[in-house]
Each structure stands twice: as C-alpha cells, then as structure tokens.
Amino acid sequence: VTDRLLTLTTLLPLAGLVLLLVGGRALNDRAARVVALAVTLATFGLSLAILGRFDTAAEGFQLVEEAWWVEGVGLKYLMGIDGISLWLVILTTFLFPVAVLASWNVKKDVRMYMGAMLALETAVLGSFLALDMLLFFLFFEAILVPMYLLIGGWGGANRVYAAVKFFLFTMAGSAFLLVASLFLWARATGELGRGTFDLRELVGVAAALPPTTGRWLFVALFVAFAVKVPIFPLHTWLPDAHTEAPTAGSVLLAGVLLKVGTYGLIRFNLSLFPDAAEYFRTAVGILAVIGIVYGGAVALIQTDVKRLVAYSSVSHLGFVVLGIFAFTQQGITGGVLQMVNHGLATGALFLLVGMLYERTHTRDLSQMGGLAQVMPWLLGAYLFAVFASVGLPGLNSFVGEFLVIVGVFAVNHWFGSIAVVGVVLAAVYLLWSYQRVAYGPIRDEHRDLPDVSAREVAVLAPVLALLLVFGVYPRILTGAIDPATERVIRHVAPAQVTTDVGGAAVALAHGEGGE
Amino acid sequence: VNDIETPRIVLGPILPELFLAGFAVVGLLYEAFARRATATVHLAIALAGLVGAAVTALMLWFWVGDAYVLAETVAADRFSVLARLILLVAAFVGLLYYLEHIRRDPGAFRGEFFPLVLFATSGMTLITAANDLIVMFLALELLSLSLYVLTGITGRRRANEAAMKYFLLGAFSSAFFLYGIAMAYGASRSVKIDVIAGALAGQTGGQALALVALAFLVIGFAFKISAAPFHMWTPDVYQGAPTPVTAYMSAATKVAAFFALIRVLNVAFQPLTWDWTPLVYGLAAISIVVGSVLAVAQTDVKRMLAYSSVAQAGFVLTGLTSPDSVGISATMFYLVAYAAMTLGSFGIVMFVAAGGRERTQLSDYAGLGRRSPVLAALMAIFLLSLAGIPPTAGFIAKVGVFSAAIGAGNWPLVLLGVLASVVAAFFYLRVLVYMYMREPEEEFDVEPPAALANVAAAALAVVVLVLGVFPGLITDFLREAAILRW
C-alpha cells in the first residue's frame with residue numbers, strides 16, 4: 001500500500017466525493033460537512049506520510065508510480081514527487097481542511113459545495129504529482145469545473161460573469177498546453193518510435209528540437225501557465241474571480257490554484273526548454289516586474305478589500321516568476337518558497353476578509369473602520385497576516401522575498417531595484433487597508449459585532465502558526481527545496497551553479513530568520 | 001453471351017441488413033392490416049429486428065470467409081461490424097426516446113415510425129459495409145428517404161417545413177454523389193471501391209477526372225455529415241424534427257456517413273491521399289469555426305446543439321487528416337463518443353418539457369439544477385463531454401483526433417481546433433450557467449421522464465464517463481476495426 005502513497009493521497013478526496021454522491025439525501029448538511037472535513041484531514045495525514053518517506057538527499061523523482069493508462073495513445077499513469085512539488089502538495093492538503101472549516105456557514109446545497117471542494121482537491125493534487133504531460137493536462141483541465149461551480153454557484157453578486165471568465169481564460173491558455181504536448185508526443189513518435197507524454201523521456205525529445213521550434217513550444221506552454229499564475233497582461237480574470245468567489249474559493253484560488261501555474265513554469269518550461277527559457281529570460285523578467293509594480297499600484301487604489309488582496313496576489317506572484325527566471329539558486333529557491341508562503345499568507349488574508357464580510361456584509365473599505373475596537377482578536381490576526389504578507393522579518397514571506405531579490409540582483413540590477421519597489425508598495429497598500437479597517441470612527445451598526453468564534457480560531461490558528469514557524473525556521477522548507485532547485489539550475493543555467501554568489505546570502509537569510 | 005457469370009450468393013455479411021429490412025416490412029404490414037396498431041407490438045417487431053441484426057453483426061466480427069461478397073459489392077470486415085453496432089445502439093435509444101415522446105403526447109403516435117427507423121438503420125449499416133459506390137448510393141438513398149419522412153412524421157407545420165428543406169437539400173447532395181460516382185467510373189472503369197483504388201494506383205500523369213470524382217463524392221458526404229459550408233439544412237431540420245428523430249438522426253446519420261467516407265477516402269482514393277487531405281483539412285477548419293461561432297448566437301438549445309454538431313463534424317474530420325490507421329481509429333473513437341453524447345443531450349432536451357410541449361429556450365433551463373437535479377446532472381455530463389473536459393469521453397476523443405492530426409503534421413488545424421473549443425466551451429457552459437446559477441423567470445414543473453427513458457440517458461452518461469476514464473476498454477477493438485483492406 002505504501003508504494004501507492006501518491007495515488008492514495010490524490011484519490012482520497014475523490015472517494016469522499018463518491019461517498020457524498022452515494023449518500024445522497026441521506027446525508028444532511030451537517031454530515032456532508034463532517035465527511036468533507038474528515039476526508040480532507042485524512043488527506044493531510046497521508047501527505048504527511050509522504051513527507052515522512054521523502055528523502056531530501058535522493059536525486060530525481062521519488063515515490064514514483066508508473067502504469068500504462070491508455071497504451072495506444074501513449075498516456076501513462078505516472079506520478080512522482082520531488083522537492084519542488086513536495087511542499088506544494090502539503091500546502092494543498094493543509095489548506096483544504098482549513099477551507100472546508102471556513103465554509104461551515106455555507107447553507108446552500110452543502111453536499112454539492114463540499115463535493116466540488118473534494119473534486120478540486122483531487123484535481124490540484126494530481127496536477128502537482130503528474131509526470132506525464134497528458135495526465136497533467138487532464139488534472140489541469142479538471143480543476144476548471146469544480147472551481148467554476150464554486151465561483152458561479154456560491155459567489156457574490158457578479159459571480160456568473162466571474163466564473164465564466166475564469167473558465168474561458170484558463171481554458172484558452174490550456175489550449176496551447178495541449179497543442180504543445182501533442183507536438184512533443186508526435187516528435188517522440190519520430191525519435192523514440194512510439195508516442196509518449198512521459199516527462200522524463202520528453203526532456204530528451206525536446207532537447208533534440210531545432211531552437212526555433214523549442215522557442216515556439218516554450219511560448220505555448222508559457223501562455224498556458226501565465227494565464228494561471230497570472231502574469232501581466234493575462235491577469236484580468238483574477239480580480240473578478242477572487243472578488244466574486246466565496247471565501248474558501250478565494251483561499252484555494254490564491255493558495256493553491258495559482259501555484260499550479262508557477263509550478264508548471266518550473267516543471268515544464270524550464271525542464272523541457274532550458275535554452276528557450278534562457279532566450280526569453282529578459283522578456284519574462286520584464287513581464288514579472290510589470291506585474292509586481294502594476295499589481296501593487298492597482299491594489300493601492302482599491303476600495304474593495306477583496307479586490308485589493310487579489311491585486312496583491314498579482315504583485316506577489318510576479319515575485320515568484322521573477323525569482324524563477326533569475327536562474328540563480330537563490331532566485332528559484334526563493335520562488336518556490338514564496339509559492340508556499342504566498343499560499344499561506346494570502347490564504348490567511350482571504351480568510352480574514354471573509355470573516356469581516358460575514359460580519360459587516362460589506363467589502364468596501366470606506367464602509368468599515370474602527371473595527372479593532374470591537375474585534376481586537378480578529379483584527380490582531382489580520383495585522384499578523386498583513387505583516388507576514390509584506391515580508392516582515394521573522395515571518396515567512398521575508399525569507400522568500402529576500403532570496404528572490406538577492407537572486408535577482410545577482411543577475412540584473414534593474415529588475416532587483418524595481419522589485420524592491422514592489423515590497424514597499426505592498427507595505428503601503430496592506431498596512432493602509434488595515435488602517436482603514438481597524439482604526440478611525442466606528443459605524444454604529446458595527447458596535448455589536450462579535451469577535452472570533454471558536455471555529456474561526458480553529459480555522460486561523462494553524463495558518464497563522466505556520467506563518468511564524470516558516471518565518472523562524474525556513475530550513476524545514478528549503479531542506480527539500482534546495483537540492484531540487486539546484487538540479488533545475490544545473491539543467492537550465494549550468495554556469496550559475498559554480499558561481500555561487502548568493503551562497504552566503506542563503507545562509508544569511510536563514511540566519512536572520514532564525515533570530 | 002452465355003458466359004455471364006452469376007455471382008455466388010453469400011448472404012452472411014448482409015444478414016444484419018436483412019434482419020432490419022425484413023422486420024421493417026413486418027412492421028409495415030402490421031401497421032397496414034392491424035385494426036388498431038399499438039406501440040408495444042411495433043416495438044416488439046422493431047426490437048426483434050435490432051436484436052437479430054446485432055447478433056448477426058457480432059458474429060460477423062469473427063467472419064473468416066471472403067473479404068468481399070455478393071459480386072464484391074459488400075465488404076465483410078470488422079470496420080463495418082463496429083459501425084453497425086454503434087448504429088444499432090443509436091436506433092435502440094431512438095426507439096426508447098420515441099416511446100417517451102408518445103407517452104407524453106399520445107396524439108403524436110405514428111406506427112410508421114418504427115419500420116421507418118429500421119429502414120433508415122438498414123441503409124446506414126449497409127452504407128458502412130458497401131464496397132461498391134452504387135450500393136453505397138442505394139443505401140444512402142434508403143436512409144435519406146426514411147429520414148425525410150421521419151422528420152415530418154408529426155405532420156405539424158414546422159416539421160413539414162423541416163422535412164421539405166431536408167429533402168430538397170438532400171436531393172442536391174445525392175445528385176452530387178451520383179455525379180461523383182459517374183466520374184469515378186470514368187477515371188477507373190469501375191464503381192468497386194477496391195478496384196478504383198487499384199486503378200488509380202496504377203495511373204500516372206493527370207488525374208483530373210479522379211479529382212473531380214473525389215470532390216463531388218466528398219461534397220455529397222459533407223451534406224450528410226453536416227460539415228460547413230454544406231450544413232445549412234442542419235439547424236432547421238434538427239429544430240423542426242421531433243426530438244427523438246433529431247437525436248437518432250444526428251447521432252446515427254453522422255456515424256454512418258463518416259464510416260462510409262472513411263472507406264471511400266482511405267480505400268478508393270488512397271492513392272490520391274495527398275490530394276484529399278487538404279480538402280478534408282479545409283472542411284474541418286471551416287466546420288469547426290462556423291459551428292462554434294454560430295452556436296454562440298443561439299438561444300434555443302436544440303439549435304445550439306445543431307450548430308455544435310457542425311463543429312463536432314469538424315473535429316471528426318480533423319482526425320481524418322491523418323490518413324492512416326491511427327487517424328482512423330481516433331476518428332472512430334470520436335464517433336463512438338459523439339454518438340453517446342449527442343443521443344444523451346438530445347434526450348435531455350426532450351425530457352425538459354412541461355404541459356405537453358418541449359421547453360427548448362435557454363431561459364427554460366434556468367434553475368433546472370434545483371428542480372430536476374438528475375436531468376441537470378446528466379445534461380452537465382453530456383455538455384462537458386461535448387466541450388471536451390476531462391474525465392469524459394469527449395476529452396479523450398479530442399486528444400485522440402488532435403494527436404493523430406499533429407502526428408500528420410497538421411498542427412495549425414489543431415491549434416484552431418483547441419481555440420475553437422474554448423469558444424465552444426462558452427456556449428456549452430452557458431447552459432450550465434442557466435441550470436445551476438440562474439433563477440427561473442417562470443416556474444414550471446418538468447414532468448419526470450419514465451424510468452426506461454431515464455435509464456437510457458443515464459446509461460449514455462455512464463458510457464461517456466467510463467470511456468473518459470478507461471478508453472482502453474474499446475481502443476483494442478477500434479484498432480482491429482481500423483484495418484481496411486484493398
């Protein structure tokens with residue numbers, strides 16, 4: 001059974017969905033919630049078992065499971081994990097029970113809601129674990145339907161527009177992913193004598209391509225993932241989707257779904273087309289930097305607090321992309337670290353914004369104010385999450401952002417300088433939003449609002465705790481990430497491995513975090 | 001004059017057609033002579049025909065006799081067996097739908113429906129087995145004439161108009177087809193598909209006549225598969241015909257015509273592969289774009305599905321741009337999936353009715369997810385499959401035809417196809433939006449369908465899902481069936 005750990009983890013939520021379906025009307029709303037929570041917690045437990053069996057020293061993919069699915073097409077059921085996907089998987093399994101618990105107050109069609117959540121978890125986990133390109137595409141596409149239903153079925157006033165926009169944007173992007181996969185498959189047929197989507201074999205196939213073809217395929221894959229991340233100027237679906245989605249939907253969207261995009265950039269763009277990646281490095285860097293500044297600037301002028309957090313995601317994900325395309329050890333490690341950190345910090349922010357909305361029934365910053373008087377604990381948690389998000393030393397995002405900036409400075413001063421502006425902007429808009437929510441005169445109708453409930457403590461405490469833990473002791477994460485990113489660097493920019501300019505910086509960052 | 005050879009009569013390979021046509025005649029006689037013909041007896045007769053045909057078709061899978069029989073006019077290969085089985089299932093589902101239709105609207109009962117479906121089906125199965133263009137033409141006429149009548153079988157104004165339109169345009173396409181046959185004879189001195197292939201392979205130099213024949217035959221088929229720009233009849237006929245007929249017609253006609261087209265292209269005109277692939281390429285591109293774009297503008301679900309079937313024809317043609325067994329088996333998989341999801345979606349369209357009339361406006365689907373969760377869920381599965389979203393058969397089917405096309409170097413067509421899929425996703429999703437995210441303007445209770453019809457639709461949904469997760473279940477059969485001899 002232990003050989004099938006990845007499959008078990010991926011399919012357990014799906015089993016929960018089946019249970020919900022089979023249970024039918026016999027399961028009341030409460031039972032449906034309990035089932036969903038139990039299943040997501042069990043999945044988290046299984047993912048910890050993966051962590052336990054993961055060997056940070058080992059090369060390549062671990063816990064690999066391989067079997068033919070459709071031999072005629074060359075589709076393999078191929079799952080495996082490495083240092084890059086490890087923490088993303090655990091982040092996913094961690095955030096899902098949190099999201100389920102945060103959705104306890106959902107009243108409408110609870111069974112269907114929870115079912116969509118469970119389907120979503122399987123699809124996301126599958127995306128992180130699949131090593132067969134078509135299998136990845138299958139999971140990648142399968143993310144769309146449950147997320148579409150969550151936004152469109154339980155979202156805000158403008159939910160249908162947001163849901164359809166989300167669906168069509170992502171699907172349009174993934175169209176290019178499919179074409180590129182099929183193109184590689186056809187090339188494999190020519191090279192190896194049989195079509196395959198096996199990533200490990202496709203690396204060789206892609207390396208044999210003419211440079212121009214490789215660049216086109218790189219662009220195709222990049223578009224697919226850039227929509228998902230989202231990278232400027234393909235980000236326009238994100239503010240709508242985030243704003244209209246129910247709280248748990250926003251948490252999962254920011255926490256894990258966007259990471260499928262950045263993960264795809266590393267896993268597919270970098271490992272399949274290192275030369276093309278080098279070729280487009282500056283162009284991607286420019287887009288990332290624009291995203292950082294633009295996202296921050298637009299967040300600055302938002303009056304809708306949820307939209308504000310959404311645009312902050314555009315800015316933060318720009319950091320991740322910038323770090324990845326720095327092609328330095330610090331940059332990529334920082335990028336991967338930031339994926340996890342952003343998932344936790346922004347997840348926490350969305351949870352808190354959701355709790356505020358449940359109380360005040362508004363997301364308009366001008367309608368709030370003075371809330372720290374009545375809800376000191378809730379606003380305290382908000383401030384904590386804001387600090388984590390802006391990269392306060394001692395909290396998680398600091399290490400990641402620091403590594404990214406160090407890694408970027410080592411290769412491009414301009415990008416590094418502008419990225420620092422993004423950090424400042426983040427401090428401004430997030431703290432300002434806190435100020436407008438927490439201080440100032442309180443509105444009369446807000447005077448009797450209750451502070452955090454026990455359930456909400458259970459939702460927030462684990463997330464906030466991790467913000468601190470990963471800030472103080474990031475080596476938990478980097479221990480597994482470092483060897484994996486080093487391999488990526490060896491593959492993409494072999495020159496960078498020897499000139500370990502930032503080696504000291506890594507130690508420095510870890511040291512500073514430890515204080 | 002005395003040494004005219006009479007062909008050896010081997011009836012085995014056309015037993016399915018004999019069963020279908022035979023029981024169709026029995027049904028007609030029953031309708032003519034029974035004092036009060038009932039649907040039950042008609043159904044029994046028709047089922048006897050279908051079951052007999054299915055059993056004999058299955059036996060043909062293991063046929064070890066001659067490859068061509070009856071003066072080499074009929075091919076006895078697994079290719080046609082597979083086609084027959086799909087068609088028979090489609091006919092069976094069509095009959096079940098019709099029972100539901102007349103249960104809801106007893107006045108609509110016409111006994112001729114059953115024998116006509118059998119006649120149409122026998123034409124369809126024969127067209128996939130024909131190794132002779134004349135036989136193919138006869139089968140084509142048999143199925144077309146039956147379908148013209150079926151379209152107008154209610155005698156209502158709309159249905160009559162649809163039938164007339166279908167008839168006129170269908171007659172045109174038959175003329176094209178016939179003219180193509182004449183040209184093919186001119187080019188090769190034969191109407192036998194395998195002989196044409198041999199003759200064309202042996203020719204060098206200008207092949208103008210053969211190319212004209214090819215063009216005319218393809219146009220004739222393009223009408224039947226409703227590929228753009230020969231799709232004009234499709235929306236009106238699909239909308240005007242009674243929905244059980246639409247369901248049956250859209251699934252079965254397309255499957256039959258595609259199988260025949262595959263044989264004509266990949267056998268008779270195999271030597272001219274380089275000439276016909278661009279033709280198929282162009283038809284596929286136009287169909288995909290026209291079907292997807294025009295479907296967006298529809299507010300009637302039945303019309304929307306009609307335009308979507310034009311786009312689907314384009315996707316199937318995409319698979320045919322790969323002129324080898326990979327392309328053929330991918331195309332066949334698509335056809336299997338297409339038949340299941342089309343029959344299913346039109347079935348649900350038929351079930352969404354109240355007060356004895358079908359509600360086909362998009363706005364009628366508002367709130368369906370709450371009022372009839374089962375119907376809505378089934379519809380969602382069929383629509384997601386049509387849109388090509390995993391884990392449905394439509395997804396695997398699309399990957400299959402796209403990878404075949406890319407394998408043949410046609411990646412621009414595939415890029416167009418996947419982008420059009422996004423457009424298509426928009427209008428399929430719109431139905432989902434109405435079903436799950438909109439509140440109805442006008443409350444009406446959807447009359448729950450009878451168990452039998454419901455089971456049929458649910459079974460199709462299961463097929464769609466199972467083929468989406470375990471396509472390997474049928475790929476081996478498809479590979480066996482994709483071997484065409486000449």
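Predicted model: local features only at pLDDT ≥ 70, side-chain atom pairs only at ≥ 80, totals over all residues.

A: Residues are numbered from 1 along each chain as its sequence is written, chains are lettered from A in the order in which they are written, and side-chain values use heavy atoms, with hydrogens and water left out.

Q: How many cavities of 30 Å³ or more does the count come to?

A: Rolling a probe the size of a water molecule over the atoms shows where empty space is left. A cavity is a set of points, on a 1 Å grid over the protein atoms alone, where a 1.4 Å probe fits but cannot get out; grid points are joined across faces, edges and corners, and a volume is the space filled by probe spheres set on the points. By this rule there are 10 cavities of 30 Å³ or more, and the largest cavity has a volume of about 120 Å³.

Q: Which residues lie nearest the centre of the largest cavity?

A: Lining residues have an atom within 4 Å of a point. The largest cavity has 15 of them, and F137(A), E141(A), M171(A), L178(A) and G388(B) lie nearest its centre.

Q: What lines the second largest cavity?

A: The second largest cavity, with a volume of about 60 Å³, is lined by residues including A102(A), T247(A), R455(A) and E456(A).

Technical notes:
1 Å grid on protein atoms, 1.4 Å probe; cavity = no way out; pocket = protein on both sides within 12 Å on 5 of 7 lines; lining within 4 Å.
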